[in-house]
Amino acid sequence: MGDPAPDAAAEAVNFSPLDPELADDFWPRNNDLRERCPVAWSTAHWSADESGFWVLNKHQDVMAAATNWSVYSSADGASPVQFDLDIMRMVPLETDPPLHRGVRKALNKFFTPEALTQTEPSIRATVDELIARCVEKSPADFVAEFTSQLPPIVFFETFLDKKASEIGWIMELIDMLLTQPDRVMEAAPQLLMFLSELLESRRAEGRTDDLAGTIAHMGTGEVDDGLDLDERARVETMNLMVLGGMETTMGALAGIARTLGTDNELRVSLRDADSKTLDRHVEEFLRYDSPVPTAGRTLAQDAEASGCPMKAGDRILLNWAAANRDPEKFPEPDTLNFERANANAHLAFGAGVHRCLGNHLARREIRAAVQAISELSVFELEPGYEVKYRPAFARGPISLPTKVAY
Ligand code: HEM
């Protein structure tokens, strides 16, 4: 592996998911890549010392790969740019069945639509509080005041029963992890220590009824889950629970806020929308601006995509974003079309066994935010403001100076 363009039919490109230039020219470059090469060979680095990977760009190929875990394995990493798995593995994301199946089985019940329906009033209350703060400060940076606040507050309230006022320091750590790469080594150990103590306290209480309690006992032999896990894997699971829904949901909320802040007609049209209409809008927003653009896989055996042969051991990048704008799947893909019949065939939450565990929670946060924004008399992005996107694992505007009024 690692030879430039191992298949003469595939075009070699230098496509790197975290390239700052890509962040600023995202859709033209992704669309161009998909149109020129359904499957491309990128010469870029995917880990500190390895380069060269296939990029799958068509909806059909990405879908086929995502739903075939035994060939497209996640056990050697699922991150577009891979960290050392001996230092930190994202569990269950960077595992394959049967281990993956057992962990998901333990976690799924906390993330079903039924389980989350009861969170709707408190999500809406948090949304209203954050909007009130934006109105008070207007013009406010909607990213700093709203989209970066909502996901951590909702997560800690829903799953750990902690109010926003109690988690200031955790919010600061999460912000440091997501926006200040040079301080990761300072913030990560503090978060891991907190999570480790949390699991210990759940075990000391013998508590198994909530998410942390379930993870604390997963694979310990004390519950009948058929899993065999060490403490490190439990902390890694808890860590992904906390971080998996942060940058991702923040990116989604900010991308949508940008659209609503520049299209008043659309915003006002949503004011009295029924829940079906709102849901349709949420799906099309997610298709259109895929907050998590890519994921990594490793081939467990030789495979083929769009006629391109690939070898066991090759590294693969699933380009969810390019697939979500594939005209063969979504006609006129660069247009937001809320009447699109198949918008929910988007891959913004992935597909197959690793399909996003938190998708119903994310959808509820987005729906509550869209509803609240649509009810405002003014929600207007500073005219002429040039929106920049962060070159990160999840995409989202860095800042949105916005006028907000009731
Ligand atoms: C709009 C917001 C979100 C987006 C776009 C998103 C996107 C994704 C995607 C694309 C995957 C699949 C990755 C892969 O196959 O390699 C994934 C997996 C995952 N997501 Fe999300 N996510 C969002 C919100 C959340 C939330 C709120 C949580 C939890 C609180 C969460 C937790 C997870 C977990 C645990 C996995 C791994 C699932 C597994 O491996 O079985 N996500 N997400």
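The protein has 17 helices and 11 strands. Its radius of gyration is 21 Å, close to the 22 Å that the globule rule gives for 406 residues, so the protein is as compact as a globular protein of that length. The model is predicted.

**Overall dimensions and contacts**

- Along the principal axes, the C-alpha atoms of the protein fill a box of roughly 60 × 55 × 40 Å.
- Buried residues make up 42% of the 406 in the protein.
- Take the contacts between residues at least 6 apart in sequence: 70% of them join residues at least 24 apart.

**Geometry of α9 against α10**

- Two packed helices are described by the angle between their axes and by the distance between those axes.
- Helix α9 spans residues 168–179, and helix α10 spans residues 184–205.
- The two helices pack at an angle of about 135°, and their axes lie 9 Å apart.
- The crossing of α9 past α10 is left-handed.

**Residues at the α9–α10 contact**

- From α9, the contact uses Ile170, Leu173, Met176 and Leu177.
- From α10, the contributors are Val184, Ala187, Ala188, Gln190, Leu191 and Phe194.
- By class, nine residues of this contact are nonpolar and one is polar.
- No charged residues take part in the contact of α9 with α10.

Terms used
Residues numbered from 1 in each chain as written. Predicted model: local features only at pLDDT ≥ 70, side-chain atom pairs only at ≥ 80, totals over all residues. Axes fitted to C-alpha atoms, helices over the stretch in contact; angles between N-to-C directions. Helix = DSSP H or I, 4+ residues; strand = E, 2+ residues; numbered from the N terminus. Left-handed = near helix turned anticlockwise from the far one by under 90°. Contact = placed C-beta atoms within 7 Å. Nonpolar A, V, L, I, M, F, W, Y, C, P; charged D, E, K, R; others polar. Rg over C-alpha atoms; globule rule 2.2 N^0.38 Å. Buried ≥ 20, exposed ≤ 12 C-beta atoms within 10 Å, placed from the backbone.
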